[in-house]
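Subject: The two-chain model, and what turned up in it

Hi there,

Here is the structure I promised to pass on to you. Have a look at it first, and then read my notes below.

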Protein chains: 2
Amino acid sequence: MESDGGSIFLQVPQSQWIASNDLAFAIRDTYPVSPGHTLVVPRRLVATWDGTTAAERAALLELMSEVKVQLRDQLHPDGFNVGFNEGAAAGQTVFHLHIHVIPRFTGDVPDPRGGIRHAVMGKGNWQQP
Amino acid sequence: MESDGGSIFLQVPQSQWIASNDLAFAIRDTYPVSPGHTLVVPRRLVATWDGTTAAERAALLELMSEVKVQLRDQLHPDGFNVGFNEGAAAGQTVFHLHIHVIPRFTGDVPDPRGGIRHAVMGKGNWQQP
């Protein structure tokens, strides 16, 4: 039995994967911030983007695009936030790289401007004093 | 004189670019949410990731990594938030694709957990009720 290295993502059964390819898989986020919030994860346990191989990066991006197509088809979102947190200081809590694909819907928040700028809490509203 | 298509990024003089390659350039954000907040932008005016060519995507990612190396060297951040907003519903306000590279520093916010989850304001604190 291979170790999962403590990654909760590797404990998700394949039956719950929503998409996959040779080097990456996609799962729903356990604590979704919007309907359809999905994580794209390398099969290999690697903590950061810089730690991935070129082949893994290609697989991750291909799967990210596939997930977006699937989400558009299923949920008809009006936009997406896409990205990753690297390091505890940046809010990373699971040290297995995961690209967030967050479908967004018109009106899901009163003022969506800023988007991932809000990763730095309290600084995202760049048009407010 | 070529039109800039209304993209404020194309109005930034090349002397202010902090890095570039054949298909992409990097500039500091005008409203930084952290010291060194940088945007990686395709030279061609294209609104979304899906609208880029494979060559542009490669150039963008290569430059993103180069920018991270530069920022690590200059500012010694403890982490990064990296990603993009796609569509007004997701908070995109300049419709010229730009990858945010946001250096993060231990203690820059009281509790950084969640990171880009906070793009959906009020939903990022998944461990709070």
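Leaving aside its neighbours within four places in sequence, Glu56(B) is in contact with Leu23(B), Arg44(B) and Gly51(B), where contact means heavy atoms within 4.5 Å. You will find Glu56(B) in helix H1 of chain B; helices (H or I, at least four residues) and strands (E, at least two) are DSSP runs, numbered from the N terminus. With a relative accessible area of 4%, Glu56(B) is buried; buried means under 20% relative accessible area, exposed over 50%, and partly exposed in between (1.4 Å probe, protein chains only). A polar atom of the Glu56(B) side chain lies 2.9 Å from the backbone nitrogen of Thr53(B).

Some ground rules before you go on. This is a predicted model, in which local features need pLDDT of at least 70 and side-chain atom pairs count only at pLDDT 80 or more, while totals for chains, interfaces and linings use all residues. Residues are numbered from 1 along each chain as its sequence is written, chains are lettered from A and ligands numbered from 1 in the order in which they are written, and side-chain values use heavy atoms, with hydrogens and water left out.

Now for the place where the chains meet. Chain A brings 47 residues to the contact and chain B brings 47 residues. About 4,100 Å² is buried between chain A and chain B, and carbon and sulfur atoms give 61% of that; buried area is the accessible area (1.4 Å probe) that two parts lose on being put together, summed over both.

How many salt bridges does the rule find across the interface of chain A and chain B? It finds 10, a salt bridge being a side-chain nitrogen of Lys or Arg within 4 Å of a carboxyl oxygen of Asp or Glu. On the side of chain A that touches chain B, helix H1 (54-75), strand S4 (79-86) and strand S5 (99-104) of chain A each supply at least two residues. The largest share of that side, 8 residues, comes from S4(A). S4(A) also pairs with strand S4 (residues 79-86) of chain B, in the antiparallel sense and over 7 bridges; two strands pair if DSSP finds at least two bridges between them. In this pairing, Phe80(A) stands opposite Glu86(B) in S4(B).

A search of the whole structure finds 16 salt bridges over all chains. Side chains of opposite charge can pair when their charged atoms come close. One to look at joins Glu86(B) and Lys68(A), at 2.8 Å from N to O. That pair crosses between chains, from strand S4 of chain B to helix H1 of chain A. Glu86(B) counts as buried at 6% relative accessibility, and Lys68(A) is buried too, at 0%.

Another salt bridge, also 2.8 Å from N to O, is formed by the side chains of Asp50(B) and Arg72(A). Asp50(B) lies in the loop between strand S3 (38-42) and helix H1 (54-75) of chain B and Arg72(A) in helix H1 of chain A, so the pair joins two chains. Here Asp50(B) is partly exposed at 37%, and Arg72(A) is partly exposed at 32%.

Finally, Asp50(A), Glu86(A), Lys68(B) and Arg72(B) are linked in a network of salt bridges. Within that group, Lys68(B) and Glu86(A) have their closest N and O atoms 2.8 Å apart.

Happy exploring!

Key
Polar contact = N/O pair within 3.5 Å; in protein donor to acceptor, adjacent residues only side chain to side chain.
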